[in-house]
Amino acid sequence: MMSRIFAAALALMLAVSAIPALADEIDKDVPIETATALTPLGVKATVATVRAETPGTKETVLVFTTFDKPYVGELQVRGFRSDGVEVARSALKQVNYRANEGGNIAFEFDKHTTFKEVKRFTLTGQLRAPSKKEESLGDKISNTAKEIFQ
């Protein structure tokens, strides 16, 4: 009987001591800046959230991004240590947003990426000129919105 109580107490102590380690597994916000090349294009990253890491899977960072102008192209997130050394780079993400839209974009990193050293992220990208069909659709939506709100 005494050994069962001792075993239960030991298990409880181990569980309580693991609580600080679990805190590292909770989603956390990391500062993010927008590359200067994206600023004139109307793209702005506001919040980067590192999703709780799951060993052996691709890691994910959610970036809330706003688009003041239409943007069709690729975006990428890069992670940097406090000394400015790049230690993480996401896969390129193809996006297509109209003016005045925004949302969370999930950027995937390879399964070996660790975010423990990342102190800041940068959103960077490469613009692709919208097709005539995309421009036409964007114009129709903008004109409809203007009519509704006038």
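A residue is called buried when its relative accessible area is under 20%, exposed when that area is over 50%, and partly exposed in between, with a 1.4 Å probe and protein chains only. The model is predicted, so that local features need pLDDT of at least 70 and side-chain atom pairs count only at pLDDT 80 or more, whereas totals for chains, interfaces and linings use all residues. Residues are numbered from 1 along each chain as its sequence is written, and side-chain values use heavy atoms, with hydrogens and water left out.

**View 1. Thr49 in strand β3**. With a relative accessible area of 17%, Thr49 is buried. Beyond its neighbours within four places in sequence, Thr49 is in contact (heavy atoms within 4.5 Å) with Asp27, Lys28, Asp29, Thr60, Val61 and Leu62.

**View 2. The open sheet of four strands, in the order β1-β3-β4-β8**. Strands are DSSP runs (E, at least two residues) numbered from the N terminus, and two of them pair if DSSP finds at least two bridges between them. The pairing in this sheet is antiparallel, and its edge strands, β1 (28-30) and β8 (101-109), each pair on one side only. Three bridges join β1 to β3 (residues 43-50), and Lys28 has Val50 of β3 as its bridge partner.

**View 3. The largest nonpolar core, of 23 residues**. Such a core is a set of buried Ala, Val, Leu, Ile, Met, Phe, Trp, Tyr and Cys residues joined through side-chain atoms within 4.5 Å. Leu75, Phe121 and Leu123 touch the most other members, while β3 gives the largest share, four residues.
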